[in-house]
Amino acid sequence: LASGSYCLSATLQQRVDVAVQEIISYHWDTLNPQTSVGDRLSFLRMAVFLFSQNPWSGFGDHGFAAFINSPDLNRYALQQTQEFALHSGFHNEIATNMVRSGVWGLLSSSALFVIPALFFIRSLYGGSQQAQKIAVLALGYLACTFISGMTTEVFNLKFTASFHALMFTCFISSLLVHHAVGQGSEKNEST
């Protein structure tokens with residue numbers, strides 16, 4: 001499906017080709033020009049550096065301002081890139097929360113994706129066909145949310161956080177009902 005979409009869409013071809021070119025031309029030890037993918041790579045590197053400076057409690061929303069113009073960051077990130085991260089975040093759900101809240105932000109952001117994924121994967125292998133279909137749909141939604149979270153902060157907006165909570169409530173409650181119905185029928189068959 002992905003390769004077919006790539007072959008049939010000139011826009012997708014152009015964007016993927018530009019992204020690959022920007023990744024290949026990214027400089028690890030010298031300043032990088034401002035590009036969409038290059039800035040995101042620099043944001044990730046900045047987030048890892050800032051996390052290493054204060055891993056336990058993080059910096060809050062703008063507490064890392066003292067590190068802007070740090071020689072470690074100036075090596076690869078332009079001043080504009082650093083200031084953009086300071087004022088607008090790191091364009092990555094996990095990186096932003098990791099810098100904001102340290103280890104606790106990293107754990108909470110990871111748990112938002114990992115714990116539901118484990119529940120949905122477990123539902124793939126046990127239960128009715130209907131439960132398996134719901135689990136596949138839920139995993140698809142989770143994958144889309146995770147990919148989207150790698151390019152922007154998904155849960156910082158009340159609407160997206162509320163929508164995500166509603167979607168997971170629907171998926172999980174549907175699966176719990178199917179599991180309960182399945183266990184009820186097993187008890188009836190054994191008696």
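Colleague: Why does Asn32 count as buried?
Modeller: Its relative accessibility is 6%. Buried means under 20% relative accessible area, exposed over 50% and partly exposed in between, with a 1.4 Å probe and protein chains only, so Asn32 is buried. This is a predicted model in which local features need pLDDT of at least 70 and side-chain atom pairs count only at pLDDT 80 or more, while totals for chains, interfaces and linings use all residues. Residues are numbered from 1 along each chain as its sequence is written, and side-chain values use heavy atoms, with hydrogens and water left out.

Colleague: Where does Asn32 lie, and which residues is Asn32 in contact with, leaving aside neighbours within four places in sequence?
Modeller: Asn32 is in the loop between α2 (10–24) and α3; helices are DSSP runs of H or I with at least four residues, strands are runs of E with at least two, and both are numbered from the N terminus. Contact means heavy atoms within 4.5 Å, and with those neighbours left aside Asn32 is in contact with Ser25, Tyr26, His27, Ser42, Tyr76 and Leu78.

Colleague: What lies 2.7 Å from a polar atom of the Asn32 side chain?
Modeller: The backbone nitrogen of His27. The backbone oxygen of Thr30 is 3.5 Å from a polar atom of that Asn32 side chain.

Colleague: What makes Phe113 and Phe146 an edge-to-face pair?
Modeller: Rings of Phe, Tyr and Trp (its six-membered ring) pair if their centres lie within 6.5 Å; planes under 30 degrees apart count as stacked, over 60 as edge-to-face and the rest as tilted. That rule gives 15 aromatic pairs. For Phe113 and Phe146 the centres are 5.2 Å apart and the planes are at 85°, so the pair is edge-to-face. Phe113 belongs to helix α7 (residues 103–125) and Phe146 to helix α8 (residues 129–149), 33 residues apart, and the pair thus links distant parts of the chain.

Colleague: Buried or exposed: what is Phe113?
Modeller: Phe113 has a relative accessible area of 5% and is therefore buried. Phe146, at 35%, is partly exposed.

Colleague: How are Phe159 and Phe163 arranged as an aromatic pair?
Modeller: They are stacked, with 6.3 Å centre to centre and 15° between the planes. The two lie 4 residues apart in helix α9 (residues 158–190), so about one helical turn separates them. Phe159 is exposed at 62% relative accessibility, whereas Phe163 is partly exposed at 38%.

Colleague: Which residues have the most contacts inside the largest nonpolar core?
Modeller: They are Met46, Ala47, Leu50, Phe64, Tyr76, Phe90 and Val99, in a core of 20 residues. A nonpolar core is a set of buried Ala, Val, Leu, Ile, Met, Phe, Trp, Tyr and Cys residues joined through side-chain atoms within 4.5 Å. The elements giving this core two or more residues are α3 (36–53), α5 (79–88) and α6 (93–101), and α3 has the largest share, 6 residues. Another core, of 15 residues, lies apart from this one and includes Ile94, Ala131, Phe155 and Phe171.

Technical notes: A polar contact is a pair of N or O atoms within 3.5 Å; within protein, one must be able to donate a hydrogen and the other to accept it, and residues adjacent in sequence count only if both atoms are side-chain atoms.
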